[in-house]
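Please read them beside the sequence and the 3D view.

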Amino acid sequence: MAQSDFLYPENPRRRQEVNRLHQQLLDCLSDSFQVTNKLAGVLNTHLGCKLAFIEMKRDGTIKENCDIIIQAMTKIQKELQKVDEALKEKLEPTLYRKLQDIKERETEKIAIVQKVISVILGEATSAASAVAVKLVGSNVTTGIINKLVTVLAHIGTSLLGSIGIAVLSLGIDMIIQAILGAVEKTQLQAAIRSYEKHLVEFKAASERYHHSITEVSSAVKRQIR
């Protein structure tokens with residue numbers, strides 16, 4: 001037991017809680033890297049994009065890794081915006097509005113995109129049309145991506161941001177030491193509450209992002225069959 005534990009008897013429990021929270025954060029970060037690469041692969045294959053894959057910076061801070069994902073997602077959003085602008089230009093206004101209509105059937109939307117996708121990409125495939133419908137014609141997907149970017153930005157600027165990724169695998173004492181480099185021991189409980197808040201937001205946004213991109217991949221596979 002650390003000497004400070006006699007003054008702060010709740011410290012052992014808090015150490016365990018910090019370790020749990022950090023491991024969950026690391027898991028969410030890792031998942032966001034994988035899903036972002038999966039999305040980039042789909043866009044490269046079916047929409048002719050040239051997006052680079054990203055890797056977690058193991059010797060970097062949480063903020064640095066959040067920034068890597070944010071930069072990748074910003075590039076993805078720019079590519080999707082290009083496709084959206086092309087669809088808006090090539091389609092009749094009534095047809096373009098149907099793409100944004102959540103009540104319109106997905107098969108109808110794919111058929112609409114199929115009319116002009118060859119002009120945009122140089123070739124027409126049902127898989128490309130499905131990707132465009134899922135990612136460009138869906139305000140839900142756009143909102144999910146924007147939400148995750150916002151959450152990552154908040155995490156990067158919080159107390160979590162300055163902690164190194166490598167620290168998360170070195171054990172509880174190293175994590176506590178890293179945190180106490182930024183806050184006083186008497187603030188540890190308040191810091192944990194802050195971390196919990198960010199993690200709740202991150203997990204929710206990450207899970208929705210993962211589910212959304214999995215749906216895109218499933219839609220592509222259905223069209224290829």
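1. The search of the whole structure finds 1 cavity of 30 Å³ or more. A cavity here is a set of points, on a 1 Å grid over the protein atoms alone, where a 1.4 Å probe fits but cannot get out. The largest cavity holds about 40 Å³ of space. Volume means the space filled by probe spheres set on the points, with grid points joined across faces, edges and corners.

2. Keep the source in mind. This is a predicted model, in which local features need pLDDT of at least 70 and side-chain atom pairs count only at pLDDT 80 or more, while totals for chains, interfaces and linings use all residues. Residues are numbered from 1 along each chain as its sequence is written, and side-chain values use heavy atoms, with hydrogens and water left out.

3. Which residues line the largest cavity? They are Leu21, His22, Leu25, Leu160, Tyr195 and Leu199. A lining residue has an atom within 4 Å of a point. H2 gives the most, with 3 residues. By class the lining has 5 nonpolar, 1 polar and no charged residues. Nonpolar covers Ala, Val, Leu, Ile, Met, Phe, Trp, Tyr, Cys and Pro; charged covers Asp, Glu, Lys and Arg; the others, Gly among them, are polar.

4. Now the overall fold. The protein chain has 10 helices and 0 strands. Helices (H or I, at least four residues) and strands (E, at least two) are DSSP runs, numbered from the N terminus. Of the chain's 225 residues, 45% count as buried. Buried means under 20% relative accessible area, exposed over 50%, and partly exposed in between (1.4 Å probe, protein chains only). Among contacts between residues at least 6 apart in sequence, 72% join residues at least 24 apart. Contact means heavy atoms within 4.5 Å.

5. His198 lies in H10, which spans residues 188-224. Is His198 buried or exposed? His198 is buried, because its relative accessible area is 10%. Beyond neighbours within four places in sequence, His198 is in contact with Val151, His154, Ile155, Ser158 and Leu160.

6. Lys203 is also found in helix H10. Lys203 counts as partly exposed, because its relative accessibility is 30%. Lys203 touches Gln24 and Cys28, not counting residues up to four places away in sequence. Gln24 is 179 residues from Lys203 along the chain, yet their C-alpha atoms are separated by 8.4 Å.

7. The second largest pocket has about 190 Å³ of space. A pocket is an open set of points with protein on both sides within 12 Å along at least five of seven lines. Its lining includes Gln77, Asp84, Gln100, Leu135 and Asn146. Helix H3 (62-90) and helix H8 (139-157) each supply at least two lining residues. The lining divides into 4 nonpolar, 6 polar and 1 charged.

8. Finally, a helix pair. Helix H5 (residues 106-114) and helix H7 (residues 126-135) pack at about 115°, with axes 9 Å apart. Axes are lines fitted to C-alpha atoms, for helices over the stretch in contact, and angles run from 0 to 180 degrees between N-to-C directions. The contact of H5 with H7 has 5 nonpolar, 3 polar and 3 charged residues.
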